[in-house]
Amino acid sequence: MRSRWLLALIATAVAIVAVGVYGLATAPGAVMTSPSPRPGASGETTGKAPLTLTFEPTSEPTSEPTPTAGPELTTSRYFAAWQSGDLSAMNGLVADPPADFAERHRRFDAELRVSSLSLNPGELRRQGEETAEVPFQGVREVTGLGRWTFSSVLRLGLRAGAWKVLWTPETLHPSLKDGGSLRLRETQVRRPTTLTREGLPFPRDSRAGDYLTGLGGTAVLLSLEEASSGRVLLTSLPPPATGTGTRTTISRSVQAAAARALDGLGQPAAIVAVDVETRQVRAVADTLGAKQAFNGLYPPGSTFKVVTAAALLRTGLTPESPVACPAAYTIPNARSFTDADGADHGTVTLTTAFALSCNTTFVQHAYERLRDDRLRAEAADRFGFREKPGLSSCRIRPSADLNELGSDAIGQNSAQASPLCMAEVAAAVASGVWKPAIMTAEPPADSPPPVPLDDGVAAGLRTMMSAVVTQGTAAQAGLPPDTAGKTGTAEVGGAKSHAWFIGYRGPLAFAVFVQNGGAGGAVAAPIAARFLKAL
């Protein structure tokens, strides 16, 4: 009986041990492993290896939250999205983005013609536990302007446990701070193909468009600027100060002075200026149209007395010769001529008669000294009044009778000239040589040859033309010192007289013509004064 109880107790103990081993083998963290089998002589295993139990530590559940990602991650994601144009991703990284966040970016790029963007973030700076900022450099490519560099700051803050971008308009560009704005401004600038002799564009409203092509070329100057202050942030290159277009003989300053002298004038008019030595045209301002400053034929009136006086000086008269200046003079067996002022000035010098523009004096002495075609020959042979190649037009016919001779002597009847022709006359007096005007570096091959004036004739004409300005019909016109010239009032049948003034000063000779303008001394000479004072 005792032996049967002892066997039962042993069986129970074995069962408890077996259960305990199973529990250990299946407990959490327990790993069952088998050692490598022991090979026999043939390399095969000799039997089952005993089971070995090992234990690995297991992590216990924790109640602490996962740490929040730092501002660096938000920064890198935002810059990557911005540079790739992913506005939706950018919006998701912004704390309280405005409703038009994406539209603002699109409008900014569209209005400023931004075609690409590159960003270069700087080092992140913590401002505290919940704020940070990243300065950055940016380069935008603007169509028509090129690279536009800028600097700004990306600010970040901790919101509801996550780092967000604290976006404001100046994040796009500092100029947008406090309601600022940027704009592109387009300005039309001149880029002509025809330039002045200095290589510069012609002045605006030059009044020379009939004579030269390519004056109106333009280009667009593009600038990016702050709307409120007008401060220019970026601009396209302006046209060069000097260009590679075709250069002319026109001087920009002289052309500008001539054009502005005609401003506000109600009648068609022209001013032509030539260089005294070279005869290159330095200015042509014309509101007559159809190149009439060069090609038009108008009675020159008393400006033609320069030619008549030259012929009289060649016959032996001098500037000091006494001559009569009556109110009226009748050519024997022909018509009577009068002076504009209706006054009898008695006996005066030829210079005074010229300065007062005495018609009667010049008609009388033309009758007495310049018959037999001498006046026409003087005009044609020494002052270009003939058919000839060149820029200017002027002419005079042989006088059919004494009446025509008297009229021709004072610039009426068949005597006709363009403003350029009369500028050539003034230049001949200034230099002592008549030469045709040119708009090239050298005279053309078929250009008429220069014609020297006699030294005494040229000197006498200079004395007489100076007197016109100092004591004659142009004395009240306000002409600057050292100006010499001659007024002209040319009668026109059924219309108001043409107003003329021709002259020279310094290196320039010029002619001013106002169609149906009235008296030369009252109208044309003051215009000449404005022109000369503006040089």
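How many aromatic pairs does a search of the whole structure find? I found 14 aromatic pairs. Rings of Phe, Tyr and Trp (its six-membered ring) pair if their centres lie within 6.5 Å; planes under 30 degrees apart are stacked, over 60 edge-to-face, and the rest tilted.

I noted that this is a predicted model, where local features need pLDDT of at least 70 and side-chain atom pairs pLDDT 80 or more, while totals for chains, interfaces and linings use all residues. Residues are numbered from 1 along each chain as its sequence is written, and side-chain values use heavy atoms, without hydrogens and water.

Phe136 is in strand β5 (residues 131-142) and Phe150 in strand β6 (residues 146-159), so the pair ties together parts 14 residues apart in sequence. Strands (E, at least two residues) and helices (H or I, at least four) are DSSP runs, numbered from the N terminus. Phe136 and Phe150 are both buried, that is, under 20% relative accessible area with a 1.4 Å probe, protein chains only.

I then listed one aromatic cluster, formed by Tyr78, Phe79, Trp82, Phe108, Phe136, Trp148 and Phe150.

Next I checked charges over rings (NZ of Lys or CZ of Arg within 6 Å of the ring centre and within 35 degrees of the ring normal). Arg140 lies over the face of Trp148, 5.4 Å from the ring centre. Arg371 lies over the face of Tyr367, at 4.4 Å.

Last, I recorded that the chain has 15 helices and 25 strands, and that 44% of its 535 residues count as buried.

Definitions and conventions
Buried means under 20% relative accessible area, exposed over 50%, partly exposed in between (1.4 Å probe, protein chains only).
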